[in-house]
Every structure is written in C-alpha cells, then in structure tokens.
Amino acid sequence: MNAYKFLLITAMIIAAVVSRFILHPPNFTPISAITLFGGAYYSDKKLSFIIPLLAMFLSDLYLGIHNFVPFVYISFAIIVFLSFQLREKKSPLKIGASVVSGSIVFFIVTNFAVWFVGNYYPKTFEGLITSNIAAIPFFKNSLLGDLVYTTLLFGSFELIKNYIPKLEQVKIEN
C-alpha cells in the first residue's frame, strides 16, 4: 500500500472517530462508515479490522464500556467483511447497498445483544420481537448517520485522490 494513502485513510478514520465526541442525535455516529471505509481502502485485510476497531475501542474507553460492547464489535467485524466487496469497484450503488446492509447488521446484532444480555425484555421470542420493535426509532438515526458519514469519507477520499497523484504511487514494503 502507498504510504500517503495509508496515512490519509488512517487520518480520516481518526477524524471520524473524533466526531463521536461532538454533540449529535442518538445513534447518528460514524461507526459503521468507519468500518466500511477502512475495509474498502486498506489493502491489508488485517489493517481493515485492526485500525478502525482500535480507533473506536480507544474512543469507547472514554465514552464508556458496557455489556453490549462485544456484540457491537462483532457487528463491526461483519461490516468490514461486507466492505471487502467494495475493494475492486466502488460505485455509488454498491457503496449505498453496503451502507444499508451494514446498518441492518448493526441493528440486528446489537438488538439481539440488548435482548440476550440485558434485563429489559423477557427471554422469549416475543421479547426479542419487542426489543427490535422498540429499537426502530434508533435505526433511522443510525442509517442516516451511516449514509452521511460514508458519503463524507468515501467522497472526500475520492476527491482528494484526484488532486494528490502521490496517493497512487510509492509502495510500502510488507
């Protein structure tokens, strides 16, 4: 991978993580966008997982760790896998489908966690359904945040790439 490209992708991920500390509507965050972006642009698949998840983990240390965190990170890992199909061709349609798919994965996994780990709902099928229905209002903000931040990350990177030719040169040796 090109050193300039690596630094730019990492800086953009860090900037997006920092935005978690800015006042925002509930669930309107960059987390799914960060995992999609890292997975789509880092050439090393290990880095696609390590850097976005580490950046978010460090911010979670400040924002707070809760019982659902393992499930949140499982959903992030699934979203990174989803992003691998964007590596070869990044069309708006493919990116949009990945955003929606990632938002749905996050919704399903984290709401399962609320039902499974939490004491909010009975451990029955009806309790699981009630948990998911109660979370629908949060899905709207989550999806909107994912769409906005994904557009900003992918769009900004592609725009910058047009003006900085070095992003496609100078390879890092593994």
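**Exercise 1. Which residues form a nonpolar patch on the surface, and with how much accessible area together?**

Solution. Start with the members: Ile50, Leu54, Phe57, Leu58, Leu61 and Ile65. Together they have about 570 Å² of accessible area (Shrake-Rupley method, 1.4 Å probe, only the protein chains shown count as cover). Patch residues have over 30% relative accessible area and no salt bridge, and nonpolar side chains are joined within 5 Å. A salt bridge would be a side-chain nitrogen of Lys or Arg within 4 Å of a carboxyl oxygen of Asp or Glu.

This is a predicted model: local features need pLDDT of at least 70, side-chain atom pairs pLDDT 80 or more, while totals for chains, interfaces and linings use all residues. Numbering runs from 1 along each chain, and side-chain values use heavy atoms, without hydrogens and water.

**Exercise 2. Where is Phe57, and what is its relative accessible area?**

Solution. Next, read its relative accessible area: 36%. Phe57 is therefore partly exposed (between buried, under 20%, and exposed, over 50%; 1.4 Å probe, protein chains only).

**Exercise 3. Where does Ile129 lie, and how many residues apart in sequence are Ile129 and Phe84?**

Solution. Ile129 lies in helix H6. Ile129 is partly exposed because its relative accessible area is 36%. Now take the pair: Ile129 and Phe84 are 45 residues apart in sequence. In space, they are 31 Å apart, C-alpha to C-alpha.

How values were computed: Patches are made of residues with over 30% relative accessible area and no salt bridge: like charges are joined within 9 Å, nonpolar side chains (Val, Leu, Ile, Met, Phe, Trp, Tyr) within 5 Å. Helices (H or I, at least four residues) and strands (E, at least two) are DSSP runs, numbered from the N terminus.
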